[in-house]
Structure formats: C-alpha cells, structure tokens
Amino acid sequence: MSRRGLDRAAVLAAAGDVADAEGLDAVTVARVAAELEVRGPSIYNHVAGRDGLVRGIALTAVRALTAELRRAAVGRSEEDALVGVAAAYRAYAKAHPGRYDAMQRAPAADDDELLAAAAEVVELLTDILRGWQLAPDDRIHAVRALRSALHGFVDLERVGGFGRPVDPDRSYAWLVRGLAAGLRAGRPLEPARR
C-alpha cells in the first residue's frame with residue numbers, strides 16, 4: 001500500500017463506484033483521484049491510466065458477478081438453479097450499472113486474466129444446464145441463448161425500454177420460465193436453410 005491506504009483494490013473500488021454513480025464514461029484518472037482525495041499521479045502507481053481503470057473494473061466486476069451467480073446456484077438444480085442465477089444476474093446489473101457496462105466490453109485477445117474470469121461465468125452457466133442432459137453443442141447454444149436473453153432484458157430495462165405499465169419483475173420471471181420450458185422441451189428446431 002502507498003500513502004493514505006491507497007492500493008490497487010482501493011483504486012478500482014473507487015473507479016467502480018464512480019462508474020455505478022455517474023456512468024462508465026465518467027471514469028477518468030482525475031475523477032478517481034478526486035474521489036480518493038489524492039493527486040492524479042498516485043493513481044498511475046496502481047493502474048495504467050483510464051484503460052487500466054476500465055479493465056480493472058471489468059475484471060473485479062466479472063469476479064464479483066461470478067461469485068453472486070455461484071451463491072445463487074448452490075444447492076439448486078435445473079429450473080430452480082436457472083431461476084436463482086437469473087435473479088442474481090439481474091440484481092447485480094441493477095445494483096452496479098457502471099460495473100456491468102465495463103463487463104460488456106470484449107477483453108483484449110491477449111488479456112488471459114480477464115478472458116479466464118469471463119470463461120468462469122460461461123462455465124458456471126454450462127454447469128447449470130447439465131441437468132437438462134443436452135448434447136455438448138446444444139449446451140453451447142443454450143448458454144448463448146441464456147446469456148443473450150438475460151443481457152437483453154437487463155439492458156432494455158436499464159435504458160428505459162419497457163414503457164408499458166406492466167410489472168417488469170413478472171416479465172423477467174416469464175422470460176426465465178420460458179427458457180426453462182424450452183430446455184425441458186428438448187432440442188429446438190434447426191435454423192432455416194437458405
């Protein structure tokens with residue numbers, strides 16, 4: 001640690017807080033330094049500028065989300081696990097919008113640490129889907145569909161995309177139960193060939 005208890009974790013926590021409160025675009029070295037009541041050069045002792053801040057937010061967020069999803073899945077199987085994980089995913093995105101945004105950016109091809117952290121989320125979802133006994137390729141399709149559906153709903157909700165006066169909690173439950181029903185029904189139809 002350096003002066004005033006400043007370390008990499010504290011810098012990234014402050015950067016994540018700025019992102020959640022003001023948006024990811026508000027995260028700059030100067031803004032994070034102001035939040036921590038230090039001078040800008042102190043931040044560079046812990047991260048490589050703004051890109052390092054955003055990458056660090058993404059890494060810590062992916063790890064935090066993975067931990068939340070694991071907790072939600074413990075002791076559950078199949079549809080119950082899917083419902084729990086989906087609820088945890090949405091809750092994390094709502095509670096940490098800036099951190100969630102940081103996670104959506106594709107890691108650099110050579111960023112093994114961030115790629116491995118992101119792969120843990122996919123592996124966790126894959127493990128949850130094992131109960132449905134899908135073929136390996138179908139499990140990949142199911143993980144992609146699940147990630148797309150959850151992210152799509154969360155993202156539309158965050159930008160105000162649901163204008164009708166119907167409870168979005170019920171809509172989300174409808175979505176997740178529909179995904180589970182599709183998994184129970186078995187393999188979906190093949191895409192139309194052109």
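User: How many salt bridges are in the whole structure?
Analyst: A search of the predicted model finds 18 salt bridges.

User: Which side chain does D111 meet in a salt bridge?
Analyst: D111 pairs with R55, at 2.8 Å from N to O. The pair links distant parts of the chain, with D111 in the loop between α6 and α7 and R55 in helix α4, 56 residues apart.

User: Is D111 buried or exposed?
Analyst: D111 counts as buried, because its relative accessibility is 12% and the cut-off for buried is under 20%. R55 is partly exposed, at 23%.

User: And what does R184 meet?
Analyst: R184 forms a salt bridge with E79, at 2.5 Å from N to O. R184 belongs to helix α9 and E79 to helix α5, 105 residues apart. R184 counts as exposed, at 52% relative accessibility.

User: Changing topic: how do the axes of α5 and α7 cross?
Analyst: The two axes come within 9 Å and cross at roughly 150°. The helices are therefore roughly antiparallel to each other, since angles over 145 degrees count as such.

User: Which residues meet there?
Analyst: From α5, E78, A81, L82 and V85 meet L124, L125 and I128 of α7.

User: What makes the nonpolar surface patch?
Analyst: L156, V159 and F162 make the patch, which covers about 280 Å². Of these residues, L156 lies in helix α8 and is partly exposed, with a relative accessible area of 43%.

How values were computed: Residues numbered from 1 in each chain as written. Predicted model: local features only at pLDDT ≥ 70, side-chain atom pairs only at ≥ 80, totals over all residues. Heavy atoms only, no water. Patch = residues over 30% accessible without salt bridge, like charges linked within 9 Å, V, L, I, M, F, W, Y side chains within 5 Å. Areas by Shrake-Rupley, 256 points an atom, 1.4 Å probe, with all protein chains shown as cover. Salt bridge = Lys/Arg side-chain N within 4 Å of Asp/Glu carboxyl O. Helix = DSSP H or I, 4+ residues; strand = E, 2+ residues; numbered from the N terminus. Buried < 20%, exposed > 50% of the residue type's maximum accessible area, 1.4 Å probe, protein only. Axes fitted to C-alpha atoms, helices over the stretch in contact; angles between N-to-C directions. Parallel < 35°, antiparallel > 145°, perpendicular 65-115°, else oblique. Contact = heavy atoms within 4.5 Å.
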